[in-house]
Amino acid sequence: LLTDARGRDTSALVSVPATTGGDPAADRRVIFASDDSDVADVLVHPVTREPEAVAVNRLRKQWTVLDDAVADDFEALDTLAPGDFEVIDRSRDDRTWVVAYLQDAGSTVYWLWDRDTETGQRLFSARPALDLLPLQPMQAMEIPTRDGLSMPSYLTVPAAAEAGPVPMVLLVHGGPWARDQWGYNPYHQWLANRGYAVLSVNFRGSTGFGKAFLNAGNRQWYGAMQDDLVDAVRWAVEQGIADADRVAIMGGSYGGYA
């Protein structure tokens, strides 16, 4: 099993026979693919090694069940606790799972899932001190670029943002061959706590959204990639989120370059 983007834009989950004879390309079978983003995660049976579920992560992690044997489990886990979940360990008899829930306004929380009784037991929070703080939710949205692309983006606003436009920090990720994603972000929470809105955008050249989006950033480090950042700020101003006279840019690595 592998992820493979040959002959297509986004990477797909494929199976290839582990043999030395024949044509591997001809024997390759696509198990799952999405036009929106690359395959981000796969759940594989610990004994048979058959794929049971696959996830993509454009705005947030979304699972697709491939094996009906885990369909009821995934349906229940989707509502057991807030956040995006991942099965991180399984007992030898496969009746008990350890499940992690990634949150935006709190730390990762671990649960024990009993498949026989279809019940969950909360184990612990990875950073319980965070659970006592006034953290803000992270919003996921698509922001258009001036030339018709769409940027998966993440916004955190301070509690006082309901009063109108607030100062905003555009937080640019490094790489640029990397990406921002939904979940707890210490910079977002720190700045929002001080009264700033914080916006992170996956500008062209970011990874995880297919080769066309990635390669649209080639030779555009201070061209179209920078236009994307400007378009994101203009969007925030037009939406009444950001005060146009009080916008800063911040980042490290490529983010510092931008």
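1. **Ground rules.** This is a predicted model, in which local features need pLDDT of at least 70 and side-chain atom pairs count only at pLDDT 80 or more, while totals for chains, interfaces and linings use all residues. Residues are numbered from 1 along each chain as its sequence is written, and side-chain values use heavy atoms, with hydrogens and water left out. Helices (H or I, at least four residues) and strands (E, at least two) are DSSP runs, numbered from the N terminus. Two strands count as paired if DSSP finds at least two bridges between them.

2. Angles here run from 0 to 180 degrees between N-to-C directions, with axes being lines fitted to C-alpha atoms, for helices over the stretch in contact.

3. Strand 8 (residues 96-102) and strand 9 (residues 109-114) are joined by 6 bridges in the antiparallel sense. To find this pairing on screen, look for Tyr-101, whose bridge partner in strand 9 is Val-109.

4. **Aromatic rings.** Tyr-101 also belongs to an aromatic cluster, together with Trp-63, Phe-74, Phe-85 and Trp-97. Rings of Phe, Tyr and Trp (its six-membered ring) pair if their centres lie within 6.5 Å. The count of aromatic pairs by this rule is 13. Elsewhere, Arg-60 lies over the face of Trp-182, at 3.7 Å from the ring centre; a charge sits over a ring if NZ of Lys or CZ of Arg is within 6 Å of the ring centre and within 35 degrees of the ring normal.

5. **Strand 5 and its partners.** Strand 4 (residues 39-44) and strand 5 (residues 51-57) run antiparallel and share 5 bridges. Asp-41 has Ala-55 of strand 5 as its bridge partner, and Val-39 has Val-56. The hairpin of these strands has 6 residues between them, and there Arg-49 takes a positive phi near 65 degrees. Another hairpin, through 3 residues, joins strand 5 to strand 6. Strand 5 and strand 6 (residues 61-65) pair in the antiparallel sense over 5 bridges, with Asn-57 standing opposite Lys-61 in strand 6. Strand 5 is largely enclosed by the rest of the structure, because 7 of its 7 residues are buried. Buried means under 20% relative accessible area, exposed over 50%, and partly exposed in between (1.4 Å probe, protein chains only).

6. Next comes an open sheet of 5 strands in the order 11-12-14-13-15, with mixed pairing. Strand 11 (138-144) and strand 15 (242-251) stand at its edges with a single partner strand each, so one side of each is left without a neighbour in the sheet. Neighbouring strands of this sheet are turned by 30 degrees against each other on average, direction ignored. Strand 13 (residues 166-172) and strand 14 (residues 197-201) pair in the parallel sense over 3 bridges, and Leu-170 has Leu-199 as its bridge partner in strand 14. Helix 3 (residues 186-193) lies across strand 11, strand 12 (150-156), strand 13, strand 14 and strand 15, running at about 155 degrees to strand 14.

7. **Backbone spots to check.** Gly-175 and Pro-176 are joined by a cis peptide bond, with omega about 5 degrees. Pro-176 is in the loop between strand 13 and helix 3. Glu-118, in the loop between strand 9 and strand 10, is a residue other than glycine with a positive phi, near 55 degrees. Glu-118 is partly exposed, its relative accessible area being 47%. Ser-253 is not a glycine either, yet has a positive phi of about 60 degrees. Ser-253 is found in the loop between strand 15 and helix 6 (254-257) and is exposed, with a relative accessible area of 62%.

Methods
Phe/Tyr/Trp six-rings, centres within 6.5 Å; stacked < 30°, edge-to-face > 60°. Contact = heavy atoms within 4.5 Å.
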